[in-house]
Amino acid sequence: MKQVKRRLLSVVMALAILCTLVPSALAYSWSNTVSLQPGGSATLSVDTGTGDFAQVERVDWSSDSYYVTLQNVNGTTNTVYAAYGTPSGTTATVTATVYYYGWNLPGNPYPGAMIQQQTWTVSVTGTGYPGGGGSATGYHTSLSQGSMALTINGNSYLSVSTMSTYYQIQNVTWSSSNTAVANVTPYSSGTNSAYVTGYTNGTATIYATVTGWDSYSYQQFTDYLACVVTVGTGGGTGSGVVTLSSNNLQMSYNSTQTLSVTAINGSTPTGASVTWTTSDPSVVGFYNSGYGSNSAVGTSVTLYTGTRAGQATITASTAIGGQTYTAQCLVNVGNTFNVTATVSSGETGFTLGSTNMKTTTSVVNQIASALYSSVVGSYRTLSHVIFGSVTSTYGSLNATAGTAYYYGGSSLYYGNLENITFVPSSYNYTGSATFSFTAYDTLGGAYPGTLTITVEKGGSNLDVAYSATLGQTVQLNAQDFSDFWQKETGNLGTLRYVTFGNSSSTVGRLYYTSVNGQQIAVPGSTVQFYVSPSYNQTSLGSVSFVPSKTGVSYRTGTLAVPFTAYGTTSAVSAAVTSRSGMMYIMVTNGTVEDISYQAPATGMKLDGSDFLTVYRKATNSTLATTAMYIQLLDVPAYGTLYYGSGSYLTSGTKLTATNIGSMLFSSNSAASNSISNITYIPGTTKAADTIRYVAYSTSNGTPVYVGEINFGATAKGAIKYHTNSAGVTFKTTDFFNADTGLLSVQYITFGKPSSGTLYKNYSNGKGTAISTTDLFSYSNSGSQVTSINNLTYVPAAGYTGVVSIPYTGSNITGTQVSGTVKVYVVSKAFKDVPTTLWSYEYVTELTASGIVNGVTPTTFYPNSDVKYGEALKLIMLAAGYSEQAKTGSHWASGYLTRAYRDGLVTNPNIDLNATVDRNTIASIAAKALKLSPVTNITSPFVDSNDGYVLALYQAGIVEGTTNGGRTYYYGTSTIKRGEICAIICRINDYNQ
């Protein structure tokens with residue numbers, strides 16, 4: 001299994017080996033003022049500077065106020081908002097921090113840091129809530145009415161809705177400024193709607209305080225909304241105004257309920273005459289003196305169910321003192337339907353008409369089946385559904401409460417019930433989203449119900465996963481845990497440290513290197529492992545998995561380790577929070593081979609037997625395993641995957657990053673969820689795709705390994721050339737032997753070089769510049785195709801650097817193989833590094849890349865010794881470490897401090913100006929690359945059996961010196977400048 005690719009050595013492009021000067025960071029700042037009204041906004045723009053300033057790396061924005069928010073977290077322009085209801089006099093500071101790559105000073109070869117800050121003082125003026133009314137429209141939400149008129153004892157509804165699909169309502173708190181005039185009661189089906197009743201003449205303001213979540217900015221929000229209610233003229237002052245004991249009832253068939261009239265003070269109205277009526281006696285009526293009736297009198301009545309399920313309105317008309325007041329109760333008769341579904345927190349494409357691995361019957365079919373088999377009197381056919389609520393803390397439906405959505409999707413009606421989509425609130429939220437609804441049959445019967453959608457953590461909880469072969473030690477990579485944190489926080493937070501929980505397995509356990517260099521078993525959750533440790537903090541990169549033995553034999557299996565990650569969740573807050581995850585280390589006793597397909601332009605179906613073959617080899621299985629299972633971890637970058645059993649390649653469900661976490665596929669071709677029903681369609685560019693999958697032994701088993709699927713082909717590494725200003729001619733053998741994917745190509749086309757010119761038939765300083773439509777092959781094929789041997793690259797005058805030339809090889813079926821030619825150009829060659837010197841290519845490659853310089857402009861001194869600090873820095877940066885700030889007087893002290901904490905060296909007081917031998921170099925490089933010592937092979941070196949030397953030999957990073965037909969490593973000899981260049985180039989190739 002390939003190791004996780006690390007970042008290339010791109011941040012050190014102008015540092016020389018002997019460089020001891022590190023430029024200081026510089027910062028500039030200035031400020032401005034902005035004035036806003038509540039609900040207002042303004043556009044802010046950062047002046048990124050000109051002249052000496054270099055290229056902008058990024059711009060980070062922040063606000064220190066709860067009321068003042070920003071549209072974006074980065075970018076050179078932004079929009080600042082003052083929330084509706086912001087108290088008058090509120091001030092906030094908005095800060096934009098600009099990061100530059102470095103200075104563009106002429107002749108300066110060293111990159112330096114540049115930070116510029118600009119601040120705005122935002123002042124909010126105007127009347128805020130509470131204390132002076134409000135608005136029916138907030139920044140995130142709005143009320144259905146900004147004002148309403150009611151008669152005495154009249155009523156109406158208010159509801160809150162979001163103004164963007166990014167916003168989710170979590171809670172609404174309702175209140176009235178004058179309950180004697182008008183009061184508000186949350187509607188029983190959810191707090192997003194409320195029931196407003198007028199009691200006496202006058203005005204009152206109904207307030208709604210809305211809290212929710214903005215999934216675009218990953219921030220909480222609060223809106224303050226208001227509706228002015230005018231209770232109209234009419235008799236009465238409120239005394240004797242009535243209400244009912246309930247305004248919403250649920251009744252099962254052959255049951256009874258009691259309703260009564262009460263005054264607003266809770267007492268029975270004195271001298272009142274009450275007449276009761278029903279809107280549909282076939283659903284519900286009255287029981288009076290042993291007889292059923294469509295109407296009744298009295299302050300209290302008994303309801304009885306009719307001959308069918310459905311919905312009816314009971315009205316009580318109360319006459320008091322010459323005035324008649326009405327109150328109503330909505331009654332639902334029939335069995336309550338409880339339907340369920342389960343989705344992952346990252347699954348945004350789940351519709352009510354679809355299924356997944358946890359929901360085998362769609363929501364729509366559950367409702368239709370319940371209606372057909374469980375209703376009063378006889379079977380019913382589903383007509384449509386009306387939702388009472390469509391938002392929840394854990395997710396929302398893309399539907400509108402109160403709107404009819406019809407079964408079967410007839411275009412004659414409002415909408416298609418099957419196409420309503422559930423969207424989880426956030427990847428971080430897990431819980432149950434509950435929505436009320438009423439289902440209607442084709443005869444008009446109404447049936448209340450509840451839809452509960454359980455949101456589980458996305459994917460299969462393989463938050464961090466490693467594959468290993470039998471007996472292999474695995475070094476944990478802090479970047480894998482940072483990637484987990486970024487996914488959890490929507491790329492807004494920063495991971496600080498991780499703790500590991502208790503785990504038990506015979507396959508092995510975790511150990512770490514303490515700050516004093518000791519190897520200690522990882523205890524459960526008591527040690528904090530830091531991504532970027534400071535002094536006396538333990539590095540996450542020092543944790544490794546050590547396999548266990550039974551006698552002399554290692555064990556296969558999977559170690560599952562729970563962990564808790566701690567960090568920030570936004571760029572503007574330093575508050576530390578936590579997320580839980582699961583790490584798997586999967587050990588097999590065989591090789592996990594990649595699965596490769598050459599897909600035609602029309603697409604192809606995968607073959608489950610290919611995966612079963614890889615599984616048997618990886619597990620060294622001699623059993624006739626009939627099936628294994630996979631879960632996809634990625635989707636293609638260029639092509640598209642579909643899942644479906646139809647004959648059309650694009651039929652069925654499109655697989656996306658939001659739904660693959662809930663799908664498990666079987667290698668059995670007869671299974672309903674067969675791998676053979678997955679189709680890959682190449683992208684229009686026919687570029688190669690690679691995706692990962694995790695293999696399971698059973699449908700609910702433990703993960704066994706992580707493998708890769710390759711569609712099309714991409715050359716594994718760049719084709720390299722090294723030259724001076726004279727240029728270089730390509731060779732067909734360099735392409736033919738570069739990658740197995742290039743063996744069968746019919747022709748190759750080249751893109752435009754990043755610098756310089758690519759010519760065909762170049763001679764005596766003249767040739768024809770090629771175009772992207774010119775065809776080249778391994779031999780001349782006539783006037784339309786030219787041999788690669790006739791291609792020459794010529795650098796621009798005076799150019800030193802690395803030139804990239806893209807190429808694409810195509811075979812007769814249209815399948816393509818893409819790759820890159822890298823030309824390393826040094827305009828003036830070193831006198832002591834001729835083209836015949838063994839290290840010429842390595843010195844040229846690093847010089848052109850800006851990683852090393854000569855001792856003088858014309859000499860390199862390839863046979864001179866390298867100092868310890870120089871070698872340490874070059875190896876660590878090549879292995880993927882970032883630049884380290886000084887921790888002492890020496891310019892490389894920061895690298896030594898980090899190397900000691902990560903266990904690359906065992907002595908924190910090394911003389912960084914001393915020479916360093918080749919054995920020490922091997923130890924540092926192997927540890928930096930997370931390579932375990934190799935002890936199970938015959939050494940190719942007559943003078944070394946060192947485990948770290950052999951690990952680098954297996955990785956192709958060291959080769960030794962052949963003398964008299966025997967190969968020597970010369971481990972006690974000091975490392976030379978030419979030799980360190982070769983090692984750094986090979987580390988870069990290893991990390992490709």
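Modeller: Before we look at any pair of helices, contact here means heavy atoms within 4.5 Å, and helices are DSSP runs (H or I, at least four residues) numbered from the N terminus. This is a predicted model, in which local features need pLDDT of at least 70 and side-chain atom pairs count only at pLDDT 80 or more, while totals for chains, interfaces and linings use all residues. Residues are numbered from 1 along each chain as its sequence is written, and side-chain values use heavy atoms, with hydrogens and water left out.

Biologist: Which residues of H5 meet H10, and at what angle do H5 and H10 pack?

Modeller: Two packed helices are described by the angle between their axes and the distance between the axes. Tyr842, Val843, Glu845 and Leu846 in H5 meet Cys981, Ala982, Ile984, Cys985, Arg986 and Asn988 in H10. Helix H5 (residues 840-848) packs on helix H10 (residues 977-990) at about 70 degrees, with axes 8 Å apart, the axes being lines fitted to C-alpha atoms over the stretch in contact, with angles running from 0 to 180 degrees between N-to-C directions. H5 and H10 are therefore roughly perpendicular, a term for angles of 65 to 115 degrees.

Biologist: How do the axes of H6 and H10 cross?

Modeller: The axes of H6 and H10 cross at roughly 15 degrees and come within 9 Å, which makes H6 roughly parallel to H10, as angles under 35 degrees are classed. In this pair, Ala871, Leu874, Ile875 and Ala878 of H6 meet Ile980, Ile984, Ile987 and Asn988 of H10.

Biologist: What is isoleucine 921 in contact with?

Modeller: Leaving aside neighbours within four places in sequence, isoleucine 921 is in contact with Ala871, Ile875, Val916, Ile975, Ile980 and Ile983.

Notes. Helix = DSSP H or I, 4+ residues; strand = E, 2+ residues; numbered from the N terminus. Parallel < 35°, antiparallel > 145°, perpendicular 65-115°, else oblique.
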